[in-house]
Structures are given as C-alpha cells and as structure tokens.
Amino acid sequence: MSKNDVGAIIVLSTGNIPNQILDSGVSTESDISSELIESIFFPKTPLHDGAMIINGTKIVSAGCFLPLAQKVDGLPKDLGTRHRAGLGITETIDVVSIIVSEETGIISIAKAGKLTRYADAE
C-alpha cells in the first residue's frame, strides 16, 4: 500500500479497545490476509477512511473512528487527520498504530503517544 500511496490506519490491540470504538466500524472477525487488508483500504471503498482493529490473528473491526491526538505540539503540520487519529488512540490506550500516508506513502508507527516516521520492514 505504501508503494501505491494507499492510506491506512491499522491498530494492533490486545483486546483492550473500547466497544464504543469497535462499534463505530463494521465487525469483521476475519483472519488476517494481505488481500483483505488491501481491499478494505482500497480508495473510495466504504471502509477505507476508518481504522482497522487487529487483535491477535483476527481483524476485529474496520472503518472505525478513533480519537484524535490531543498533544500536537511538535507534530509536523503536513500530517493530517489519519496521523492524528493513529497517534490519538495511543495516548490513552496501550496499542500500536501503523499509519500509511495517502499523500506520500510514508509509513509511521505510533506508540504511547509518540510518532515514529519512515518505518520499513525492519
């Protein structure tokens, strides 16, 4: 998705996501596959703008609304809502978010309210 500038937010959880967030999306309870992930985030599909929640080996929900980051001091102004949402959920819940920029294809990782940009396979 990064190579094709397809945006995404994937939240890796341990079953600790509040029902309010899970219920804002569509329940999937599906096995993880690259084809399903790519299909969900394909541009202009109904769920592509929301977040995908993964718990263990299952995609639990997709198209979810996340809380936006409250601590935006030092956050580059060119980062949009997708990054603020991926970062925001990590400010209050112990999860990791993987964010793919739709504009640049840059992959970022958010954890504990901190954003690391330019992630790669390593």
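**Starting at Ile21**

Select Ile21 first: leaving out residues up to four places away in sequence, Ile21 touches Cys64, Phe65, Leu66, Pro67, Ile89 and Ile93, where contact means heavy atoms within 4.5 Å. The model is predicted, so local features need pLDDT of at least 70 and side-chain atom pairs count only at pLDDT 80 or more, while totals for chains, interfaces and linings use all residues. Residues are numbered from 1 along each chain as its sequence is written, and side-chain values use heavy atoms, with hydrogens and water left out.

Ile21 lies in helix α1. Helices (H or I, at least four residues) and strands (E, at least two) are DSSP runs, numbered from the N terminus. Ile21 counts as buried because its relative accessibility is 10%; buried means under 20% relative accessible area, exposed over 50%, and partly exposed in between, with a 1.4 Å probe and protein chains only.

Ile21 and Ile89 are 68 residues apart in sequence, yet their C-alpha atoms are 9.8 Å apart in space.

**The nonpolar cores**

Next, display Val11, Ile17, Ile21, Ile53, Leu66 and Ile89, the residues with the most contacts inside the largest nonpolar core, which has 14 residues. The elements that give two or more residues to this core are β1, α1 (19-23), β3 (51-55), β4 (58-64) and α3 (81-92). A nonpolar core is a set of buried Ala, Val, Leu, Ile, Met, Phe, Trp, Tyr and Cys residues joined through side-chain atoms within 4.5 Å. A second, separate core has 11 residues, including Val6, Ile37, Phe41 and Ala62. In soluble globular proteins, nonpolar side chains tend to be buried together.

**The sheet**

Switch to a cartoon view and select the strands. Seven strands form an open sheet of mixed pairing, in the order β2-β4-β3-β1-β5-β6-β7. Because β2 (26-31) and β7 each have a single partner strand, they stand at the edges, and one side of each is left without a neighbour in the sheet. Neighbouring strands of the sheet are turned by 20° against each other on average, direction ignored. Two strands pair if DSSP finds at least two bridges between them.

Select β1 (8-13). Five of the six residues of β1 are buried, so that this strand is mostly covered. With β5, β1 pairs in the antiparallel sense over five bridges, and Ile10 stands opposite Ile98 in β5. With β3, β1 pairs in the parallel sense over four bridges; here the bridge partner of Ser13 is Asn55 in β3.

Move to β2, which pairs with β4 in the antiparallel sense over four bridges. Asp31 stands opposite Lys58 in β4.

**The helices across the sheet**

Select residues 34-41, which form helix α2. This helix lies across β1, β2, β3 and β4 and runs at about 130° to β1. Axes are lines fitted to C-alpha atoms, for helices over the stretch in contact, and angles run from 0 to 180 degrees between N-to-C directions.

Then select α3, which lies across β1, β5, β6 and β7 and runs at about 175° to β5. Helix α3 has 12 residues and reaches 17 Å from its first C-alpha to its last, close to the 16 Å expected at 1.5 Å a residue; the expected span is 1.5 Å times one less than the number of residues. Nine of the 12 residues of α3 are buried, so the helix is largely enclosed by the rest of the structure. Among these buried residues are His83, Leu87 and Ile89. The buried residues of α3 pack against β1, α1, β5, β6 and β7.

**Ser101 and its surroundings**

Select Ser101, in the loop between β5 (96-100) and β6 (107-111). Ser101 counts as buried, at 6% relative accessibility. A polar atom of its side chain lies 3.1 Å from the backbone nitrogen of Thr104. Leaving aside neighbours within four places in sequence, Ser101 is in contact with Asp5, Gly7, His83 and Ile106.

Follow that list to Asp5, which is placed in the segment before β1. Asp5 counts as partly exposed, at 33% relative accessibility. Phi of Asp5 is near 55°, a positive value in a residue other than glycine.

Finish at Ala112, in the loop between β6 and β7 (114-116). Phi of Ala112 is likewise near 55°, a positive value in a residue other than glycine. Ala112 is exposed, with a relative accessible area of 60%.

Key. A polar contact is a pair of N or O atoms within 3.5 Å; within protein, one must be able to donate a hydrogen and the other to accept it, and residues adjacent in sequence count only if both atoms are side-chain atoms.
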